[in-house]
Amino acid sequence: MGDIGTDIDFAAQCLNSNQVVGIPTETVYGLAGNALSIEAISKIYEVKDRPSFDPLIAHVPSLASLHTFVKEVPEKAMALADEFWPGPLTMLFEKNERIPDLLTSGSPKVAIRIPDHPMTLALLKALDFPLAAPSANPFGYVSPTSAKHVQDQLGDKVPYILNGGSASVGIESTIVSIQKEKTIIHRLGGLPIEAIEKVVGPVKLELNQSSNPVAPGMIKSHYAPHKKVIIGDIEQLIEEYRGEKIAVLSYKDQYPIEHNCVLSKRGSLIEAASHLFQALRQLDALNIDVILTEFFPDEGLGRAVNDRLARAAAK
Ligand code: TXA
Ligand code: MG
């Protein structure tokens with residue numbers, strides 16, 4: 001059983017011998033391995049039961065490190081890095097030959113970010129390779145926002161999980177690329193579009209939704225609990241599903257039913273995003289048939305929340 005602890009040296013030791021380890025980040029917990037090692041990358045795919053057409057994000061400790069893995073850093077990418085790294089932003093770059101094709105599923109581009117978590121930054125600085133880290137959940141399920149979530153699902157497959165507390169952002173990074181000076185958003189995430197636009201101007205959304213995607217975290221049914229998820233007007237849905245065992249996941253309003261998770265009573269989208277995955281897991285574990293929920297305000301982090309809810313409901 002993978003122990004949970006705060007021993008960064010031990011985590012580094014595991015990673016140096018090509019094992020995979022659970023690591024905290026500000027977005028969600030990652031399942032980390034040496035991003036330059038075919039053996040470690042293969043282990044990540046195996047432990048996650050993830051199809052190999054879905055590429056992994058490389059986590060680096062610094063801009064200096066970034067430059068050693070990519071052909072160039074476009075001006076706008078540099079501006080975004082200066083403003084938001086370390087933070088919940090992943091960017092796609094033309095990779096150089098140091099990055100194995102297996103990491104990128106054969107794509108000439110590699111996804112890279114500097115995560116904003118003191119433990120993981122310390123770990124990255126102690127290693128002489130970047131960390132490949134997808135979210136530490138079985139493929140298709142809700143991402144983990146605590147060390148316990150990782151242990152619950154992958155505990156028997158990893159030697160160690162670094163415990164860095166609850167993920168502060170709670171939703172995966174926003175994925176961006178710069179193509180011919182244009183800023184393209186490939187995945188909505190923990191960095192709101194509005195913040196990105198303040199730095200680089202208007203962006204274009206290219207959220208891939210097919211089952212053979214270019215940016216595959218974008219597979220339509222993903223981030224999904226086992227229970228059925230229905231999105232709509234909660235009051236009406238409660239009427240409609242009377243007679244079934246229901247739970248409600250709401251933004252700020254409380255409903256008069258037994259199982260109701262309210263994500264932010266004060267109506268903060270930041271708070272709501274940080275509680276979303278924990279709440280989905282909690283409701284999923286109840287003796288219920290269906291989770292009724294609603295779309296959140298479509299602004300700031302509400303967009304990423306709505307994206308995850310839509311995918312959770314797409315089964
Ligand atoms: O917040 C996060 O990004 C978390 C933490 C652990 O850093 N990681 C994460 O990884 O969400 P994952 O594997 O669950 O999602 C990675 C997604 C892929 O599904 C794909 O959409 C995109 O990143 N991606 C990675 N490499 C890519 C590439 N070379 N080209 C296009 N998309 C890529
Ligand atoms: Mg994931």
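A residue is called buried when its relative accessible area is under 20%, exposed when over 50%, and partly exposed in between (1.4 Å probe, protein chains only). By this criterion Cys-261 is buried, at a relative accessible area of 14%. The model is predicted, so local features need pLDDT of at least 70 and side-chain atom pairs count only at pLDDT 80 or more, whereas totals for chains, interfaces and linings use all residues. Residues are numbered from 1 along each chain as its sequence is written, chains are lettered from A and ligands numbered from 1 in the order in which they are written, and side-chain values use heavy atoms, with hydrogens and water left out. Helices (H or I, at least four residues) and strands (E, at least two) are DSSP runs numbered from the N terminus.

An open sheet of four strands has the order E12-E15-E13-E14, and its pairing is parallel. Strands count as paired if DSSP finds at least two bridges between them. E12 and strand E14 (260–262) form the edges, each pairing on one side only. On average, neighbouring strands of this sheet are turned by 20 degrees against each other, direction ignored. Such angles run from 0 to 180 degrees between N-to-C directions, with axes as lines fitted to C-alpha atoms, for helices over the stretch in contact.

Within this sheet, strand E15 (residues 290–293) pairs with strand E12 (residues 228–231) in the parallel sense over four bridges. Lys-228 stands opposite Val-290 of E15. Strand E13 (residues 246–250) also runs parallel to E15 and is joined to E15 by four bridges. Here Ala-247 has Ile-291 as its bridge partner, and Leu-249 stands opposite Thr-293. Val-290 and Leu-292 point one way from E15, Ile-291 and Thr-293 point the other way, and all are buried.

Helix H9 (residues 269–284) lies across E13, E14 and E15, at about 175 degrees to E13. Ser-274 lies in this helix and is buried, with a relative accessible area of 16%. Leaving aside neighbours within four places in sequence, Ser-274 is in contact (heavy atoms within 4.5 Å) with Ser-168, Val-169 and Gly-170.

In soluble globular proteins, nonpolar side chains tend to be buried together. A nonpolar core is taken here as a set of buried Ala, Val, Leu, Ile, Met, Phe, Trp, Tyr and Cys residues joined through side-chain atoms within 4.5 Å. The largest such core has 73 residues, of which Ile-112 and Leu-249 touch the most other members. H9 supplies the largest share of this core, eight residues. With neighbours within four places in sequence left aside, the contacts of Leu-249 include Leu-276, Ala-279, Leu-280 and Leu-283, as well as Ile-291, Leu-292 and Thr-293. Cys-261 and Leu-309 are also among the contacts of Leu-249. Apart from this core lies another, of 16 residues, among them Cys-14, Val-21, Ile-23 and Ala-32.

Cys-14 is buried, with a relative accessible area of 4%. When a disulfide is defined as a pair of cysteine sulfur atoms within 2.5 Å, the count comes to zero.

In helix H7 (residues 193–200), the residues Ile-193, Ile-196 and Val-200 are buried. These residues lie on the same side of H7, because they cover an arc of only 60 degrees around the axis, the arc being that of the directions from the helix axis to the C-beta atoms. Their cover includes helix H4 (75–84) and helix H10 (302–312), together with strands E5 (89–94), E9 (174–179), E10 (182–187) and E11 (204–205). Gly-201 follows H7 and has a positive phi, near 80 degrees.

Further backbone features occur in loops. Trp-85 and Pro-86 are joined by a cis peptide bond, with omega about -5 degrees; Pro-86 is placed in the loop between H4 and E5. The loop between E9 and E10 contains Lys-180 and Glu-181. Phi is positive in Lys-180, a residue other than glycine, at near 45 degrees. For Glu-181, also a residue other than glycine, phi is positive and near 75 degrees. Lys-180 counts as exposed, at 82% relative accessibility, and Glu-181 counts as exposed at 63%.
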